[in-house]
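Subject: A structure for you to explore

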Amino acid sequence: MATLTTPWTPAPVPLEVAASARARRRGLLGRDGIDGALLLSPATAVHTLGMRFAIDVAYMDRKFRVLAVRTMKPGRMGRPRPRSRHILEAEAGAMERWGVRRGAQVTVHDR
């Protein structure tokens, strides 16, 4: 399994990668939570229609620099971010604990 880090991450965060179109469309739908984060790539927007829990969403550019972080309640539509190429999804509150904030550089480690 892959992991992610930032300069402020206390420990590597488990990371699932949704690389196929089908996996990106599904995202976190149908789940009751996630241990770590889900990377949607490529992606410019997300929604929480049908979600069971609130999520943090980090929009990142091609170099995995964070453009914006938003918390989305279930049943919402997110606006597309024009420069976004990758999106991280995690349970609400997780991004702050991991140091994922605007301007942060996220590093993805493959195992």
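**A buried charge: Asp56**

Asp56 is buried but has no salt bridge, and its nearest side chain of opposite charge, Arg97, is 6.8 Å away. Buried means under 20% relative accessible area, exposed means over 50%, and partly exposed is in between (1.4 Å probe, protein chains only). A salt bridge needs a side-chain nitrogen of Lys or Arg within 4 Å of a carboxyl oxygen of Asp or Glu. For opposite charges, Lys and Arg count as positive and Asp and Glu as negative, while His and the chain ends are not counted.

Before going on, please note that this is a predicted model, where local features need pLDDT of at least 70, side-chain atom pairs count only at pLDDT 80 or more, and totals for chains, interfaces and linings use all residues. Residues are numbered from 1 along each chain as its sequence is written, and side-chain values use heavy atoms, with hydrogens and water left out.

Where does Asp56 lie? You will find Asp56 in strand 4 (residues 55-60). Helices (H or I, at least four residues) and strands (E, at least two) are DSSP runs, numbered from the N terminus. A polar atom of the Asp56 side chain lies 3.1 Å from the backbone nitrogen of Met95.

Ala94 belongs to helix 2 (residues 94-98), and Ala94 counts as buried because its relative accessibility is 3%. Ala94 and Ile55 are 39 residues apart along the chain, and their C-alpha atoms are separated by 8.6 Å.

**Salt bridges**

How many salt bridges are there by this rule? The count comes to two.

- Glu16 and Arg31 join their side chains in a salt bridge (2.8 Å, N to O). Glu16 lies in strand 2 (residues 13-18) and Arg31 in the loop between helix 1 and strand 3 (37-40), so this pair ties together parts that are 15 residues apart in sequence. Glu16 is partly exposed, at 25% relative accessibility.
- Asp32 and Arg52 also meet through their side chains in a salt bridge (3.0 Å, N to O). Asp32 is in the loop between helix 1 and strand 3 and Arg52 in the loop between strand 3 and strand 4, so the pair ties together parts that are 20 residues apart in sequence. Both Asp32 and Arg52 are exposed.

**The loop between strand 1 and strand 2**

Thr9 sits in the loop between strand 1 (2-5) and strand 2. Is Thr9 buried or exposed? Thr9 is buried, because its relative accessible area is 13%. Its side chain reaches the backbone nitrogen of Thr6 at 2.7 Å.

Pro12 lies in the loop between strand 1 and strand 2 as well, but Pro12 is exposed, with a relative accessible area of 52%. The C-alpha atoms of Pro12 and Val108 are separated by 9.5 Å, although the two are 96 residues apart along the chain.

**Backbone details**

Most residues other than glycine have a negative phi, and most peptide bonds are trans. The peptide bond from Ser41 to Pro42 is cis, with omega near 0°. Pro42 is in the loop between strand 3 and strand 4. Phe64, a residue other than glycine, has a positive phi near 65°, and its place is in the loop between strand 4 and strand 5 (66-72).

Happy exploring!

How values were computed. Polar contact = N/O pair within 3.5 Å; in protein donor to acceptor, adjacent residues only side chain to side chain.
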